[in-house]
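Biologist: I'm new to this one. Can you put it on screen and walk me through it?

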Amino acid sequence: KATVSVLYWGKGRGVQMSGYEQIADDEENANRIEEQVMEIENDDEGEGAGKRTSVSKKGPVAGLFFAHFLGTFGDRMWQFAIPYLFSKLWKESMEPIAVFCLLLYASTFGGMFYLGQWMDRNDRIKVIRTTIVLEAWAVLSSVLFFWLLLEVGAHDIDGKNQDIEFNWQTCLSYAGLLTTAVLAEVMARGGTIAMEKDWVVVIAEGDTMYQAHLNSWMRRIDLICKLGGPFIFVLLDTILCKQLGGEENHVQFKYGVGVVAAWNVLSVPLELRAVQAIYDSYPKLEEKKQKKEEVAGSINPFTVIYCGAKEYWNHPVRWASVAYCQLWFTVLDNGSLMTAYLVWANVNDFVNVASRGVGALFGIVGTFAFPYILAKSPSLERAGTYSISAFLVIIGVVGVSVGTCSVLTSAYIMVGGVVISRAPLWSFDLAIQQIMQERVEEESRGVVNGVHGALCQLEMMCVYIVALIFAHSYDQYYILALISIASVGLATFLFLYWEKRVI
């Protein structure tokens, strides 16, 4: 037996600490005690508690990144594929895709409340396994319903691409596709919340700079997948088109979504193996969360939504969360509405398409900048203030151009401003993510982050509603742009208000 006796004098504290005087049964315990003492010394020598001077890898975090990549890449391909193919199937009308997206966002909004409750009442490994398996099953099912939609809705003999007519068969297929798509979306978001908002916190063990390091790499992977997933799908779709005669056809679409389903299904064993390795490597992940009794097991949607909203609103991070969610109320995001407007404004097609990729690259720059900003800032909250303020300034330039320049000139300024603004935007995203990680108690992470995600969905729904009300033609797009800039200003004000209250 090894005897370890440690008498530690707190540096700069003037008090004696003797809580580490222990007897270890073996060498492993002795080493563990020495590591604990080293952690205390690091805390004292660093800039402050929970903020250390260096970042080093702890354990198999490569497995964390690998699992995140597998899941996120499949998510991004699937999330892009369905709207993309809908635009091919219904060339004469935007109603099918508009209705699909609106119902998807609305259903996901309600599902996030149930998801948060369920996550807080179950073990970490059970949550992540369930989200991985159910998401893969839902994606596979949605692909099958998409195939069925093609079979019952395509009336052309040669399989050439034509608008699909709605009848009772196509309506049932459409409803099945929507239902499974909602389940896939909710499970994807649940896996993201579990991994990014909970597992990363436990793995970082209170080290703020190391946690920022992990968050930055997770976000870089997400941005790479956001760029790579759609690119690979479009490339595959183009190759299939050439191989099948050079014209778009329904067989090509079946093969395209089939590849998406194959990726999501075949990656499941690898994801499960990776998360199990992480779970086994960090014993703290095995510690069960406190079970919530207030709404445990409730299936009443009004009860679930009310209790979830109440817990969220009573939490100190609510204004920071609301500020972030407000940023989702925008058309200045390289999304579908902005892309359509740029086409109408006669912006060069190459510029229009390339802006998405370059914007993702600027976002990656923001993920590299955030750890540096955090290290130079007096607090995590102040790092967030710097980021969102820079974002407001850049977007403000776009607002000035809308009111003072010609349509084409302001459109190009809009492209440049939106692309450059991705850097401070994703830096602020990382600040909010770490705030939600550190400031939300373990037993409430599911509910609070679930409502947080639901509010983001609500803001996205509001964008489409406002577009229908105020922008009946493309020459009224400037109204949506100015409303979006006002939304960013409101978000900045709310975050500054929250920062003043907590500091």
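Modeller: One term to begin with: buried means under 20% relative accessible area, exposed means over 50%, and partly exposed is in between, with a 1.4 Å probe and protein chains only. Of the 503 residues of the protein, 51% count as buried.

Biologist: Where does the model come from?

Modeller: This is a predicted model: local features need pLDDT of at least 70, side-chain atom pairs count only at pLDDT 80 or more, and totals for chains, interfaces and linings use all residues. Residues are numbered from 1 along each chain as its sequence is written, and side-chain values use heavy atoms, with hydrogens and water left out.

Biologist: How many helices and strands does the protein have?

Modeller: There are 16 helices and four strands. Both are DSSP runs numbered from the N terminus: helices are H or I with at least four residues, strands are E with at least two.

Biologist: And what share of the contacts is between residues 24 or more positions apart?

Modeller: Such pairs make up 80% of the contacts with a separation of 6 or more. Contact means heavy atoms within 4.5 Å.

Biologist: Let's do helix packing. How do you describe a pair?

Modeller: Two packed helices are described by the angle between their axes and the distance between the axes. Axes are lines fitted to C-alpha atoms, for helices over the stretch in contact, and angles run from 0 to 180 degrees between N-to-C directions.

Biologist: OK, at what angle do H10 and H15 pack?

Modeller: About 30 degrees, with their axes 9 Å apart. H10 covers residues 318-326 and H15 covers residues 445-470. H10 and H15 are therefore roughly parallel. The cut-offs are under 35 degrees for roughly parallel, over 145 for roughly antiparallel, 65 to 115 for roughly perpendicular, and oblique for the rest.

Biologist: Is the crossing of H10 and H15 left-handed or right-handed?

Modeller: Right-handed. A crossing is right-handed if the near helix is turned clockwise from the far one by less than a right angle, and left-handed if anticlockwise.

Biologist: Which residues meet there?

Modeller: From H10, Ser321, Tyr324, Cys325 and Gln326. They meet His452, Leu455, Cys456 and Glu459 in H15. By class, the contact of H10 with H15 has four nonpolar, three polar and one charged residues. Here Ala, Val, Leu, Ile, Met, Phe, Trp, Tyr, Cys and Pro count as nonpolar, Asp, Glu, Lys and Arg as charged, and the others, Gly among them, as polar.

Biologist: Next pair. How do H13 and H16 cross?

Modeller: At roughly 160 degrees, with axes that come within 9 Å. H13 and H16 are therefore roughly antiparallel. Their crossing is left-handed. The contact of H13 with H16 divides into 16 nonpolar, six polar and three charged residues.

Biologist: Pick a residue in H13. What does Leu392 touch?

Modeller: Val488, Gly489 and Thr492, not counting residues up to four places away in sequence. Leu392 lies in H13, residues 380-404. Leu392 counts as partly exposed, at 27% relative accessibility. Its C-alpha atom is 9.2 Å from that of Ala491, 99 residues apart along the chain.

Biologist: Switching to H11. Which of its residues are buried?

Modeller: Met338, Tyr341 and Leu342, in a helix of residues 336-344. They are on the same side of H11, because they cover an arc of only 100 degrees around the axis. That arc is of the directions from the helix axis to the C-beta atoms. The buried residues of H11 pack against H12 (349-376), H14 and H16 (477-502).

Biologist: What follows H11?

Modeller: Asn346, with a positive phi near 65 degrees. Asn346 is not a glycine. It sits in the loop between H11 and H12. Asn346 is exposed, with a relative accessible area of 63%.

Biologist: Last one. Is Gln434 buried or exposed?

Modeller: Buried, at 0% relative accessibility. Gln434 lies in H14, residues 407-439. Leaving aside neighbours within four places in sequence, its contacts are Thr208, Gln211, Ala212, Asn215, Phe370, Leu374 and Leu380.
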